[in-house]
Amino acid sequence: MNVAVVGTGYVGLVVGACLAETGNSVVCADRDQGKIDGLRQNVLPIYEPGLDSLVERNQAASRLSFTTDVGKAVASAEVIFIAVGTPLSEDGSADLRHVLAVAEQVGRHVQREVVVVTKSTVPVGTARQVQAVVEKNAKHSFHLCSNPEFLKEGAAVDDFMKPDRVVLGVESAYARQVMADLYAPFVRTGKPVIFMDIASAEMTKYAANAMLATRITFMNEIARLCERVGADIDSVRGGIGSDERIGPSFLFPGPGYGGSCFPKDVRALVQTAKEAGEPLTIVEAVEHANELQKIRFYEKIERALGGSVNGCRIALWGLSFKPQTDDMREAPSLTVIERLLEAGATVVAHDPEAMKEAKRRLGDRITYANTSYEALSGAEALVVVTDWNEYRHPDLARIKRELKRPIVVDGRNLYDPAQMRTLGMQYHSMGRSAA
Ligand SMILES: NC(=O)c1ccc[n+]([C@@H]2O[C@H](COP(=O)([O-])OP(=O)(O)OC[C@H]3O[C@@H](n4cnc5c(N)ncnc54)[C@H](O)[C@@H]3O)[C@@H](O)[C@H]2O)c1
C-alpha cells in the first residue's frame with residue numbers, strides 16, 4: 001500500500017518505519033528540513049531502541065523515504081497518517097493548528113480516493129474539523145479514521161509491531177477494510193483490532209492516558225502515606241497488584257510522571273470536560289497531585305541533606321522522563337534541577353542517552369559527567385531520578401567511596417534499604433519503611 005505519514009517525530013517516524021517494514025511503500029514528511037536531511041542519511045533525531053536499523057534497512061530497500069514536501073508525499077497515497085504534534089494551548093486545550101494545517105495540504109494535493117487517519121492525540125470532534133478542512137479543497141472522495149497511538153517511548157518499535165490492541169474509529173466500510181488490511185501483519189497473534197465510531201476512538205486515547213496517570217499518582221500518594229505511618233509500599237504494591245481487578249503494572253511510585261503525553265493529555269482532557277460542562281474532578285486532582293509529587297521529591301532531597309542544599313554539590317542520575325529514551329519533555333529531573341539551583345546547590349548530572357538534550361535545555365547551568373561514577377566525585381549526595389538499567393545494580397561501595405557524605409535519595413526504589421543500611425548509607429527512597 002502507498003502510505004504517507006505527515007509529522008516525523010516520535011510517533012510518525014515509528015509508524016512510518018514499521019509500516020515500511022511490513023512491505024508498504026511509505027513516505028514520511030516533515031516541515032523540519034534538518035530532521036529530514038538527517039533521516040535521509042539515517043541520522044535519527046531521537047533515541048529509540050531498534051528504530052535506527054528499521055530506518056536504515058527500509059530506506060535502503062526503497063520502501064521508506066523522507067521529504068519536506070507534504071503535498072507531494074500525500075498526492076498518490078492510499079492512506080495518510082497525520083502524526084504532527086498537538087501541544088497545549090494557553091488555556092490547556094490541545095492546539096490543533098498543526099493537524100488542521102496538514103488537513104489543508106491533504107485537501108489540496110490528494111489525487112485519489114484516500115483514508116485520512118488522525119494518529120496525533122486529538123480531542124473528540126477533531127476528525128470532524130479535519131473533515132471540514134479537507135472537504136473544502138478535495139477533488140476526490142476521502143474517508144476518515146481515528147487511530148490513536150498507544151506506543152510507549154523507549155519500547156515504541158515493539159509496541160507498534162506487537163500492539164496490545166489497535167483502535168480504529170471509522171465510519172465507512174472502505175476505511176474499515178483498508179485499515180484492517182494495513183494492520184493485519186501486526187495482529188497475527190490474535191491481538192484485537194477494535195473498531196468503533198470516531199468520537200469513541202478519540203476519547204479512548206485520553207481515557208487511557210488519564211487512567212494510567214491516575215494509577216501512578218494514586219500510588220505516589222499511597223507511598224507518601226506509607227512513609228508517614230510506617231508501612232512499606234513494596235509490600236502494599238504486592239498485596240494489591242495480585243488482585244486481578246487491579247493488576248501489577250504501573251504501580252511503582254516515583255518522583256512524578258512526565259513526558260510528552262501524560263501531562264499534556266491530562267490537561268487537555270480536563271479542558272475538554274470543562275468545556276463540555278462535565279468537569280472530571282478526579283483527573284483535575286491527578287494533575288495537581290503530580291505537580292506536588294515533583295516538589296515533594298525535591299523536599300525529600302532537602303531533608304536528606306539536613307534541611308538545606310545551599311552550597312551542596314549534588315550528583316543526579318537520570319535526566320530523561322523515563323529510561324530508554326532521550327525525551328526530557330516535562331521530566332521530573334527538570335523540576336528537581338531547577339529547585340536545587342534556586343536553593344543554591346550545584347548539580348552534576350549523568351544520563352546514558354539524554355545528555356545532548358539536557359545540554360540543549362540547561363546549557364552550562366549544570367555540569368555533565370561522562371560516566372555515572374564520575375558524577376559522584378566530591379558530591380554530597382546522589383539523587384536517582386530515572387530508572388535506567390545501568391543504575392539498577394551499581395557498585396554501592398564505590399558510590400559510598402566517591403561521595404563526600406553517604407547520602408542516596410532514590411526516586412525509583414532501585415536499592416535494598418537493608419543492604420544500604422549495612423553499607424552505612426543514609427538511604428532515602430519512596431514509601432518504604434526506611435524512606
Ligand atoms: N511521543 C509519544 O510517546 C506519543 C505516543 C502516543 C501519541 N502521541 C501523540 O502523537 C502526536 C505526535 O507526537 P510526537 O511525540 O511524535 O511529536 P513530535 O514533536 O516528536 O513530532 C511532531 C512532528 O511534526 C512536525 N510537524 C508539525 N507541524 C507540521 C506540518 N504542518 N507539516 C509537517 N510536519 C509538521 C514537527 O516538525 C515534528 O517533527 C501528538 O499528538 C502526541 O500527543 C505521542
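Visitor: In which helix is the place of lysine 300?

Guide: In this model, which is a predicted one, lysine 300 has its place in helix H12.

Visitor: Why is lysine 300 called buried?

Guide: Its relative accessible area is 6%, and a residue counts as buried when that value is under 20%, so lysine 300 belongs in the buried class.

Visitor: How far from glycine 7 is lysine 300, in sequence and in space?

Guide: Along the sequence, lysine 300 and glycine 7 are 293 residues apart, while from C-alpha to C-alpha they are 40 Å apart in space.

Visitor: What makes lysine 264 count as buried or exposed?

Guide: Lysine 264, which is found in helix H11 (residues 262–275), has a relative accessibility of 16%; the limit for buried is under 20%, and therefore lysine 264 counts as buried.

Visitor: Which residues does lysine 264 touch, once residues up to four places away in sequence are not counted?

Guide: With those left aside, lysine 264 touches Thr86, Pro87, Leu88 and Thr121, where touching means that heavy atoms lie within 4.5 Å.

Visitor: Which residues of helix H8 are buried, and how do you know on which side of H8 they lie?

Guide: In helix H8 (residues 173–183) the buried residues are Ala175, Val178, Met179, Leu182 and Tyr183. They cover an arc of only 125 degrees around the axis, and therefore they are on the same side of H8. As a general rule, an α-helix has 3.6 residues a turn, so residues three or four places apart point the same way.

Visitor: What is known about the second largest pocket, and how much space lies in it?

Guide: The second largest pocket holds about 280 Å³ of space. It is lined by 16 residues, of which Arg224, Glu227, Arg228, Arg296 and Arg303 are the closest to its centre. Helix H9 (198–229) and helix H12 (281–304) each supply at least two residues of this lining, and by class the lining has five nonpolar, four polar and seven charged residues.

Visitor: How do you know whether the radius of gyration of the protein chain agrees with that of a compact globule?

Guide: A compact globule with 435 residues would have a radius of gyration near 22 Å, and because the protein chain has 23 Å, the two agree. Along its principal axes, the C-alpha trace spans about 70 × 45 × 40 Å.

Visitor: How many helices and strands does the protein chain have, and what share of its residues count as buried?

Guide: The protein chain has 17 helices and 14 strands, and 53% of its 435 residues count as buried.

Methods: Residues numbered from 1 in each chain as written. Predicted model: local features only at pLDDT ≥ 70, side-chain atom pairs only at ≥ 80, totals over all residues. Heavy atoms only, no water. Helix = DSSP H or I, 4+ residues; strand = E, 2+ residues; numbered from the N terminus. Buried < 20%, exposed > 50% of the residue type's maximum accessible area, 1.4 Å probe, protein only. Arc of directions from axis to C-beta. 1 Å grid on protein atoms, 1.4 Å probe; cavity = no way out; pocket = protein on both sides within 12 Å on 5 of 7 lines; lining within 4 Å. Points joined across faces, edges and corners; volume = space filled by probe spheres on them. Nonpolar A, V, L, I, M, F, W, Y, C, P; charged D, E, K, R; others polar. Rg over C-alpha atoms; globule rule 2.2 N^0.38 Å.
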